[in-house]
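Please take a moment to look over the sequence and the model shown below, and then follow the paragraphs with the structure open beside you.

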Amino acid sequence: MIRLQNVEKSYPQGGGQVFVLRQISLDIRPGEFVTIMGPSGAGKSTLLAILGMLDGDWRGEYRLHDHAVHALKPKDRIALHKQYVGFVFQQYHLLDDLTVAENLDMPLSYRDIKKSERQAVVADTLDRFGIVAKKDLYPRQLSGGQQQLVAVARAVIHKPALLLADEPTGNLHSDQGREIMELFKRLNAGGTTIVQVTHSETNATYGNRVVQLKDGWVVK
Amino acid sequence: MDTLLQDIRHAVRQLSQRPGFTAVVVITLALGIGANSAIFTVVNSVLLRPLTYPDPDRLVLVWERNRAAPQAINVVNPGNYLDWRDRSGSFTDLAAFGWSSLTFTGAAPENVPGRMVTPNFFRTLGTAPALGRVFTADEALPSGPAVIVLSDGLWRRRFGADPGVVGRAVSVAGGSVTVLGVMPPGFQPMPWGHEEFWVPFRLDPADRARHGRYSMVVGRLRPGVTLARAQAEMDGITSGLEREYPEFDTGWGANVVSLTDQVVGGARRGLLVALGAVAIVLLIACANVGNLMLVRADSRRREFAVRAALGASRGRLIRQWLAESLVLAGTGGVAGFLLARWGVDLLVASGQADIPRLAEVTVDARVVALTALVTLVTGIVAGLPAALGGAAWRFTSSLHAAGVRTTAGSETARFRSALAVAQISLALVLLAGAGLLVRSLHRLTAVDPGFDPSHLLTFSVELPPATYPDDPRRAAFFGELVERIRGLPGVSGAGAVSFLPLSGSGAATRFTIVGRPAPEPGHWTSADIRIVDAGYFHVMRIPLALGRGFASADRADAPPVVIINQAMARRYWPGETPIGARLQVNWTHAEATPEIVGVVGDVHARTLDADAQPMIYYPQSQEPSGGMMVVARADGPVASLTPAVRAAVRGMDPNLPVSDVATMAARVVASTSDRRYPMLLLGAFATLALLLAAVGVYGVLAYGVSLRLREFGVRIALGAREIDVVRMVLGNGLRLALLGVGGGAVGALISTRVLGRLLYDVTPTDPLTLLTVTVTLVVVALVAVAVPAWRAARTDPMTVLRSE
């Protein structure tokens with residue numbers, strides 16, 4: 001599904017280059033649950049942003065489902081991102097002025113889906129995630145775990161083939177974190193390819209492969 | 001569409017949760033949009049809307065023009081009018097009209113202004129009476145009956161809107177007059193004056209003798225005839241009349257002028273300047289709001305980055321931001337439109353004397369459409385910088401909240417500063433214009449009018465010909481009236497004159513100097529003519545330069561005498577005395593040769609900015625007039641004299657009303673109203689612009705300080721004193737202010753030229769004015785910066801650094 005070949009990212013400093021990622025080559029098959037781990041500053045979140053096409057400033061080759069992402073124009077990358085990718089952030093990043101239902105509706109509204117259809121999908125997702133009773137609440141009225149649950153629901157509502165999660169349980173206590181990881185496992189069992197960044201060994205056990213990064217390199 | 005509605009719903013919700021921000025933006029936009037709407041309402045009604053006649057663009061005024069004189073228009077000789085009417089083919093109708101007045105008698109005698117008009121006057125203007133009919137050609141002959149057509153206002157006020165008055169004879173001084181009809185409401189054909197009735201202009205078609213010029217002519221162009229063609233034809237006709245009447249018409253041509261241009265031409269420049277001024281105010285308001293929205297967008301970086309990460313396209317993000325901007329602009333637009341209604345009432349009430357057609361000012365579909373368009377454009381202009389900036393925000397590779405970076409952070413800071421600089425520049429342009437007009441008006445009002453207008457009460461008395469049919473009765477009346485006024489308690493002097501200085505009215509005629517060769521036809525010498533009583537010069541404090549004033553010995557049966565002004569003496573007797581010289585004046589007693597017995601100081605008869613012209617004063621004892629302006633100088637408050645003077649006139653003739661009561665000081669002020677009104681408008685808008693610019697500068701600097709609190713904390717922790725921090729912030733503010741005034745000065749030097757003839761004795765690039773407004777603006781900007789500078793200096797480094 002995903003093939004990275006010699007992907008690198010750097011920025012200029014003091015006449016030279018500071019590398020964030022170096023010669024990353026990585027294959028991810030459909031349906032895999034991959035965990036990226038490594039110390040702080042290893043480049044984990046940068047790699048996730050590149051996989052999610054949220055960062056376009058890199059070199060190398062990246063293929064997603066036979067699409068040569070490295071050769072695409074930014075507009076086409078955005079379209080590809082919309083088609084295949086869902087993102088879960090550590091800080092949830094729900095919009096505070098929108099209700100739970102409206103937060104879920106947002107990604108659908110950016111994909112030219114008719115209102116009646118969106119309403120049906122949102123209702124279905126609320127039901128699937130057991131948060132129907134919370135649909136008219138605002139994020140500030142939810143606990144951390146509930147917010148992350150809504151964030152995961154928002155990330156998968158448009159049925160992406162690829163779910164990227166950056167420290168999804170980083171701001172949750174262990175019970176809430178476990179619930180989220182169980183949810184990821186269920187999504188993966190349903191066919192969603194998942195790539196997560198985490199410091200937690202426990203969270204890593206939910207996946208079926210670990211990729212270690214150190215100083216921007218994949219450590220074999 | 002539903003996503004657009006969704007964006008609007010979200011925008012309304014977000015804005016209602018931030019009432020302070022929303023209120024500031026809405027008020028700012030309401031002021032800018034409201035000012036534009038108000039001024040455009042007036043411009044639309046006065047300049048753009050056609051006159052309320054059928055085919056108003058076919059209506060013209062035809063004036064005589066003395067090629068040797070500076071003014072382009074002159075009143076018309078009736079004989080010339082009759083010849084134009086008979087010989088021209090360019091007009092379907094050509095009608096003449098002139099001034100009239102009538103004293104309606106009864107329980108409340110009232111002197112009412114009106115016009116005498118030829119029978120085709122109403123047909124020329126394409127307006128039929130609402131009741132009854134207008135007079136026929138036979139009724140307009142010199143031998144015709146006394147008939148009248150009333151205005152709607154006079155019919156309602158004096159006759160209780162009684163339809164039965166049509167066909168009835170009503171009582172006037174010296175007899176009665178039969179009412180033939182009533183014109184529709186709002187029928188005020190001509191831009192100057194205010195008439196309330198129309199009587200026949202009694203012209204004998206067979207009498208083409210040339211005596212004086214005193215009428216006006218309105219015409220309707222024949223279909224297909226252009227103004228240029230009509231002018232060419234009139235040039236040919238007047239050339240023929242020059243040959244036929246060389247004594248009277250040599251050097252005289254005709255000017256054909258569009259009636260619309262004549263009505264609104266004088267007000268056009270001032271109104272367009274006002275329109276330009278409010279456009280600048282709106283630009284400043286947009287810059288202010290733009291800055292506020294940029295600051296708000298800054299605080300919503302995370303939201304925009306998340307939306308982009310969830311799939312929002314750049315266009316969608318821009319649209320969402322513009323939806324919010326348009327909601328704000330729409331609310332500001334509605335508020336501004338309501339504000340404009342109040343503003344229009346104020347403009348109309350304050351500009352009645354200066355701006356024509358103000359009574360016709362209404363809000364129509366064009367005004368609503370323009371307000372809506374301005375609102376839409378404002379919403380886009382004010383919101384676009386923030387929208388474009390917000391759409392550029394993306395997550396960096398760090399992907400956590402603190403790591404949300406903008407690619408446009410420093411650019412938005414520079415853009416905010418640029419907006420603040422632009423506001424200052426625009427404010428300077430307006431201030432410069434207002435400053436020039438203020439200086440101009442100040443120079444004008446400092447002009448010595450040639451008399452002392454303080455503590456002078458003036459009023460008009462018109463003697464009906466029927467009751468005062470001859471010169472002795474008129475002379476006796478005004479002689480006694482002035483004596484009675486002079487004897488009133490609180491009055492230190494009284495006099496009378498045919499036309500007051502600066503009143504906009506006057507009389508002039510040609511003259512020759514006895515013993516000197518008569519000028520060639522077409523090169524006549526002319527002078528203004530005034531009839532005065534013996535006390536006039538004293539009460540007006542017009543100095544006597546040579547010879548003597550009029551005395552009681554200058555009776556009707558005494559040798560005729562005149563007094564001239566210094567301008568006439570300088571022009572025709574340079575270096576020698578005119579005392580004892582005799583004149584032959586084309587006036588009522590043309591055969592007489594009055595002797596010059598005195599020379600008085602010059603008076604600004606027309607306007608304060610026009611040089612004094614030659615003037616001949618006749619004593620009213622020898623050349624009585626049927627209508628005079630009486631002048632009384634008060635020892636105390638002027639207004640307290642009014643009841644006493646009314647009683648004095650009533651005591652002499654209970655059927656004589658007193659009209660046009662005003663202080664001379666008020667008349668002098670009114671004479672400058674064509675410059676005062678634009679000055680007040682521009683001054684108000686410049687003040688608003690200054691306020692908005694100051695708020696804008698404050699906003700930019702205050703926000704900049706809030707972003708640099710950590711830096712200031714570190715600097716203070718490292719040893720910076722309060723004054724060092726203040727200097728940093730003030731320096732930044734001064735830099736913005738100087739950039740702004742630099743750009744504004746260039747803009748002012750270019751744009752103030754449009755003020756043109758609105759300025760008196762001041763050039764558009766007057767350095768003192770520009771320097772004054774520049775310094776004012778810099779000081780205001782520094783005051784605006786003072787609060788953020790003080791805040792920055794009070795930064796507690798431990799508080800700031802601990803919170804990091």
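Two strands are said to pair if DSSP finds at least two bridges between them. In this predicted model, strand E16 (residues 561–565) of chain B meets that condition with strand E18 of chain B, since the two pair in the parallel sense over five bridges. Within this pairing, B:Asn565 stands opposite B:Val600 in E18(B). Strand E18 (residues 595–600) of chain B also pairs with strand E15 (residues 544–547) of chain B, here in the antiparallel sense and over three bridges, and B:Gly547 has B:Gly598 in E18(B) as its bridge partner. Strand E18 of chain B is mostly covered, with five of its six residues buried.

Stepping back to chain B as a whole, one finds it divided into domain 1 (69–250), domain 2 (411–447 + 675–804) and domain 3 (468–654). Between domain 1 of chain B and domain 2 of chain B, the C-alpha centres lie 57 Å apart.

Turning now to chain A, six strands form an open sheet with mixed pairing, in the order E6-E7-E8-E3-E9-E10. Strand E6 (85–88) and strand E10 (217–219) of chain A each have a single partner strand, so they stand at the edges and one side of each is left without a neighbour in the sheet. From one strand to the next, the twist averages 25 degrees.

Helix H6 (residues 174–189) of chain A lies across strand E3 (33–37), strand E7 (162–166) and strand E8 (193–197) of chain A, running at about 150 degrees to E8(A).

Terms used: Residues are numbered from 1 along each chain as its sequence is written. Chains are lettered from A and ligands numbered from 1 in the order in which they are written. This is a predicted model: local features need pLDDT of at least 70, side-chain atom pairs count only at pLDDT 80 or more; totals for chains, interfaces and linings use all residues. Domain bounds come from an automatic or database domain assignment. Helices (H or I, at least four residues) and strands (E, at least two) are DSSP runs, numbered from the N terminus. Axes are lines fitted to C-alpha atoms, for helices over the stretch in contact, and angles run from 0 to 180 degrees between N-to-C directions. Two residues are in contact if their C-beta atoms, placed from the backbone, lie within 7 Å. A residue is buried if 20 or more other C-beta atoms lie within 10 Å of its own, exposed if 12 or fewer, and partly exposed in between; C-beta atoms are placed from the backbone.
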